[in-house]
Amino acid sequence: MKITETASWQALAGHADTMKPRHLRELFSDDGERFSRFSLGLEGMLFDYSKQRVTRETLDLLIALANEAKLGERIGDLFSGAPVNRGENRAALHMAARHLEQTPFPSSSSTSSASSASSTHCEDVMPQVRSARERMRQLVRAVWNDELRGYSGEPVRNIVNLGIGGSDLGPKMATLALKPFSHPGLRVFHVSNLDAADIWPVLNGLDPRATLFIVTSKTFTTQETLTNAHTARDWLLATAGDDPDDVSRAMEQFIAVTGNTEAAFNFGIRPHNIYPFWEWIGGRFSLWSAAGLSFAISVGMEEFERFLAGGAAMDRHFREAPFAANLPVLMALLGIWNTDFLGAATHLVNPYCQPLYWLPDYLQQLEMESNGKALGADAAPVGAETAPVLWGGIGSNAQHAYFQLLHQGGRLIPSDFIACAESNYALPGHHDKLLANCLAQAEALAFGSSVLGEEADPLKRCPGNQPSSIFLLPRLTSFHLGLLIAAYEHKVFVQGAIWGINSFDQWGVELGKKLARRLLPAIAGKESLTGSDASTAGLIGWLHATTAKR
Ligand code: F6P
């Protein structure tokens, strides 16, 4: 049965009609206990969702929806290693990469509690995970101890990760987020774009003798990454000169994290420098694995493992907590409520935390590549809106850019605010102001200008009733970053399970890649264009005329 045809979906649709006219002002004045009722503490982090446009009845109905979608069984399937990526018949075991206990994963206990889909669960993957983690530890130690050297004996001081999408956004986001914990003498860069303007300034400022490249690509076929890897190799080998020993030693400055060892080897990367990118881990869920190597080198293996511990703590909570007190489940259900029943088309993420600068980009891929699908796993239309457009940027900058539209633009825009009780950058005079702005925005969005009694001038009036949730972290630690990221991952899984989507494929991305390959010979002036529309042909004609290629 389609999720939209279930009794709980129908009940939610009816309930939404009664909730839409209700204002958050009224919900708060009706219930003096609203904050304690609709907030949740976990591992020192607070999740306040009292400013969402929900009542106890809304949440009960949403939980009934989760039950009707057999969410409990779906979570069992995920943790048991069942092929939840049904299209590709693969498990999604990113939780194994952050499993720190000396127990198997997936374990036989999780398989026995799971549904029939888990009958083909995969074997314990922990031996390979532990071995990869140990290799990472040795590499990180070698860099931190100046034991890893370039072709002329210089210690490695610069790390350049070459990757895109999930092979870039996670390590880039986490490296910046946890910079205060990083090795002070190392510089870590993340280059992703095809545009030479991305890699050129990075290479231009580096000493090739002291630079390590990490080519992170699950497939080792991604055009952007391979183009950058070739450019980096040419740049490095050009300085190494003609001496075959120097060239050979220079190639030791390349590491691959990939599932395609043959292609990495053919590129010239030595087998002992190839780290695994397992089939059962999707790019956008891979930060916990060797795909996070640049981040692990930046902060050291102890911090990296604290990050893993945060993710593992969220896994335990997600598996064990009842839905009504389960953070990722609540995040997912509130998202479904806002999208499918209140009619929000977008979801805004506002970290009031400069080090989380890349978090909205990271979450964009996580949510939109996972659940940006109108068809269910059975190839039939879901029949409901699925992933909203996720966007965002850091506060308080965002206040001085697009928040005007949130206050007076007339569109429903739910948001997540993220802030820390204490900053890792202890300059006086900043953090309290940052927090005041964060809480003030959530308050203004929820309650509007009536908070200050400024309702008289219609042009100045802010109606409020914009829903938001707030995550308050004690401080941006490795552990709490892991906790937060894993919460969003499981949110995505829950939403995919309820919408009936396969959250672990991304076929839509392929069409553009194929067309780019088809257009390249014509753009490069090597072949004439065939089979393209008049607009594309006209644009290529203009490019040729302008660059005199033809
Ligand atoms: O094209 C999208 C995508 O496949 C992402 O899912 C992935 O994270 C990214 O490209 C990079 O892929 P790879 O790691 O294989 O280079």
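Predicted model: local features only at pLDDT ≥ 70, side-chain atom pairs only at ≥ 80, totals over all residues.

Analyst: Residues are numbered from 1 along each chain as its sequence is written, and side-chain values use heavy atoms, with hydrogens and water left out.

Start with helix α5 (residues 71-80) and helix α19 (residues 478-499). Their axes come within 10 Å and cross at roughly 125°. Axes here are lines fitted to C-alpha atoms, for helices over the stretch in contact, and angles run from 0 to 180 degrees between N-to-C directions. That angle makes α5 oblique to α19. Angles under 35 degrees count as roughly parallel, over 145 as roughly antiparallel, 65 to 115 as roughly perpendicular, and the rest as oblique. The crossing of α5 and α19 is right-handed. A crossing is right-handed if the near helix is turned clockwise from the far one by less than a right angle, and left-handed if anticlockwise.

On the α5 side, the contact is made by L71, R74, I75, L78 and F79. On the α19 side, H490, F493, V494 and A497 make it. Contact means heavy atoms within 4.5 Å. Seven of the contact residues are nonpolar, one is polar and one is charged. Ala, Val, Leu, Ile, Met, Phe, Trp, Tyr, Cys and Pro count as nonpolar; Asp, Glu, Lys and Arg as charged; the others, Gly among them, as polar.

Next, F323. This residue is found in the loop between α14 (301-320) and α15 (327-341). Leaving out residues up to four places away in sequence, F323 touches I63, A66, N67, L71, G72, I75, V329 and L330. L71 and I75 are also among the α5 residues in the contact with α19. F323 counts as buried because its relative accessibility is 15%. Buried means under 20% relative accessible area, exposed over 50%, partly exposed in between (1.4 Å probe, protein chains only). F323 and L62 are 261 residues apart in sequence, yet 9.8 Å apart in space, C-alpha to C-alpha.

Now the whole chain. There are 21 helices and eleven strands. Helices (H or I, at least four residues) and strands (E, at least two) are DSSP runs, numbered from the N terminus. Buried residues make up 53% of the 550 residues. Among contacts between residues at least 6 apart in sequence, 74% join residues at least 24 apart. The C-alpha trace spans about 80 × 60 × 55 Å along its principal axes.
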